[in-house]
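Hi everyone, thanks for making time. Let me put the structure up, and then I'll walk you through a few places in it.

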Amino acid sequence: MARSISYVTGSQLVSLKRLPTIAVVDVRDDERTHDGHISGSLHYASDGFDRNISKLLHDVKGKDTLVFHCALSQVRGPSCARKLVNYLEENKEDVGIKNIMVLERGFNGWEASGRPVCRCNNVPCKEHENA
Ligand SMILES: [Zn+2]
């Protein structure tokens, strides 16, 4: 079970995203609506994240790696990742999640590196482009 948080770079995430067992969790708040998002990412706003952890765990059934990010991944991303680690520890719930990660430089860094940004309005995003 995941007990610590590691960081991944954008280029590492590009490779990881090809795995069927990974989920990207966007914890930005309203910015997601305006700024687009990483394709296929789930949205669990940092505001109210605690209340939605069990829903998140249901959504990521079968995934073993979660990659959190916010706009810069400096505050909200790491703190939500930490909340999930704590939740799993407290509940002794083995949901099969082995790796909890944070995307370095967040969505803004991802976009600034010219990586693809999805602007669909689907909830959840159904795009799974690998680029
Ligand atoms: Zn989308």
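Let's start with Arg 105, which is exposed because its relative accessible area is 53%; here exposed means over 50%, buried under 20% and partly exposed in between, with a 1.4 Å probe and protein chains only. Arg 105 sits in the loop between β5 and α5, and its phi is near 65 degrees, a positive value in a residue other than glycine. On naming, helices (H or I, at least four residues) and strands (E, at least two) are DSSP runs, numbered from the N terminus.

Before I go on, two housekeeping remarks. This is a predicted model, in which local features need pLDDT of at least 70 and side-chain atom pairs count only at pLDDT 80 or more, while totals for chains, interfaces and linings use all residues. Residues are numbered from 1 along each chain as its sequence is written, and side-chain values use heavy atoms, with hydrogens and water left out.

Ser 73 also has a positive phi, near 55 degrees, and is not a glycine. Ser 73 lies in the loop between β4 and α4, and counts as buried because its relative accessibility is 5%.

α4 covers residues 76-91, 16 residues in total, and reaches 22 Å from its first C-alpha to its last, close to the 22 Å expected at 1.5 Å a residue; the expected span is 1.5 Å times one less than the number of residues. Which residues of α4 are buried? They are Gly 77, Pro 78, Cys 80, Ala 81, Leu 84, Val 85 and Leu 88. These cover an arc of only 170 degrees around the axis, so they are on the same side of α4; the arc is that of the directions from the helix axis to the C-beta atoms. They pack against β1 (5-8), α3 (53-59), β4 (65-69) and β5 (99-103), where contact means heavy atoms within 4.5 Å. Val 85 has a relative accessible area of 0%. Just after the helix, Lys 92 takes a positive phi of about 45 degrees.

Now the interior. A nonpolar core is a set of buried Ala, Val, Leu, Ile, Met, Phe, Trp, Tyr and Cys residues joined through side-chain atoms within 4.5 Å. The largest one has 21 residues, and Phe 49, Leu 56, Phe 68, Leu 84 and Ile 100 touch the most other members. Two or more residues each come from β2 (22-26), α3, β4, α4 and β5, with α4 giving the largest share, five residues. Apart from this core lies another, of 11 residues, including Met 101 and Trp 110.

What are the protein donors of the zinc ion? They are His 37 (NE2), Cys 118 (SG), Cys 120 (SG) and Cys 125 (SG), at 2.1 to 2.3 Å. Donors are N, O and S atoms within 2.8 Å of the metal (3.2 Å for Na, K and Ca), and since water is not among the atoms, sites may look incomplete. The donor angles run from 104 to 115 degrees, so the arrangement is tetrahedral, which for four donors requires all angles between 85 and 135 degrees. In sequence the spacing is H-x80-C-x1-C-x4-C. Cys 118 is buried, at 6% relative accessibility.

Terms used. Tetrahedral: all angles 85-135°; square planar, octahedral: opposite > 155°, others 65-115°.
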